[in-house]
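Dear colleague,

Please find below the structure that I am handing over to you. My notes on what was found in it follow directly after.

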Amino acid sequence: MLVIVCYDVNTETKAGRRRLRRVARVCESTGQRVQKSVFECQVDLMQMEELERRLLAEIDLEQDCLRLYRLPDTRGCEV
């Protein structure tokens, strides 16, 4: 499945800038950057769950925003 990961990390503090680097590193290990804070990740269900777990371990849900969008597999479909 294709997963789009989007994030916005509050970088006003040193800890926030560190979180930003860590979140980007997790995304870079799994997918391809398409914008500064947007990644496309081609993963299976188990990889998706691992990616989500790793991102949630880095993000501060009180200060940051994280979105993961699962897109349907369209390979083999005619347009």
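Asp64 is found in the loop that runs between helix α2 (45–58) and strand β4 (65–71). Helices and strands here are DSSP runs, numbered from the N terminus, with at least four residues of H or I for a helix and at least two of E for a strand. Please note that this is a predicted model, in which local features need pLDDT of at least 70 and side-chain atom pairs count only at pLDDT 80 or more, while totals for chains, interfaces and linings use all residues. Residues are numbered from 1 along each chain as its sequence is written, and side-chain values use heavy atoms, with hydrogens and water left out.

Is Asp64 buried or exposed? Asp64 has a relative accessible area of 8%, so it counts as buried; the term means under 20% relative accessible area, whereas exposed means over 50% and partly exposed lies in between (1.4 Å probe, protein chains only). The side chain of Asp64 reaches the backbone nitrogen of Asn10 at 2.9 Å. The side chains of Asp64 and Arg19 are joined by a polar contact of 2.7 Å. A polar contact is a pair of N or O atoms within 3.5 Å; within protein, one must be able to donate a hydrogen and the other to accept it, and residues adjacent in sequence count only if both atoms are side-chain atoms. If neighbours within four places in sequence are left aside, Asp64 is in contact (heavy atoms within 4.5 Å) with Asp8, Val9, Asn10, Arg19 and Ile59.

Strand β4 itself contains Arg67. This residue counts as partly exposed because its relative accessibility is 42%. Which residues does Arg67 touch, not counting those up to four places away in sequence? They are Ile4, Val5 and Cys6.

I turn next to the salt bridges. A salt bridge is a side-chain nitrogen of Lys or Arg within 4 Å of a carboxyl oxygen of Asp or Glu, and by this rule the count comes to 4. One of them joins the side chains of Glu58 and Arg22, at 3.7 Å from N to O. This pair links distant parts of the chain, with Glu58 in helix α2 and Arg22 in helix α1 (residues 14–30), 36 residues apart. Glu58 is partly exposed at 22% relative accessibility, and Arg22 is partly exposed at 33%. Another salt bridge is formed by Glu28 and Arg33, whose closest N and O atoms are 2.8 Å apart. Glu50 and Arg53 also meet in a salt bridge, at 2.5 Å from N to O; both lie in helix α2, 3 residues apart, which is about one turn of the helix.

Finally, some values for the whole chain. The protein chain has 2 helices and 4 strands, in the order β-α-β-β-α-β from the N terminus on. Of its 79 residues, 27% count as buried. Among contacts with a separation of 6 or more, 66% are between residues 24 or more positions apart. The C-alpha atoms fill a box of roughly 50 × 25 × 20 Å, taken along the principal axes.

With kind regards
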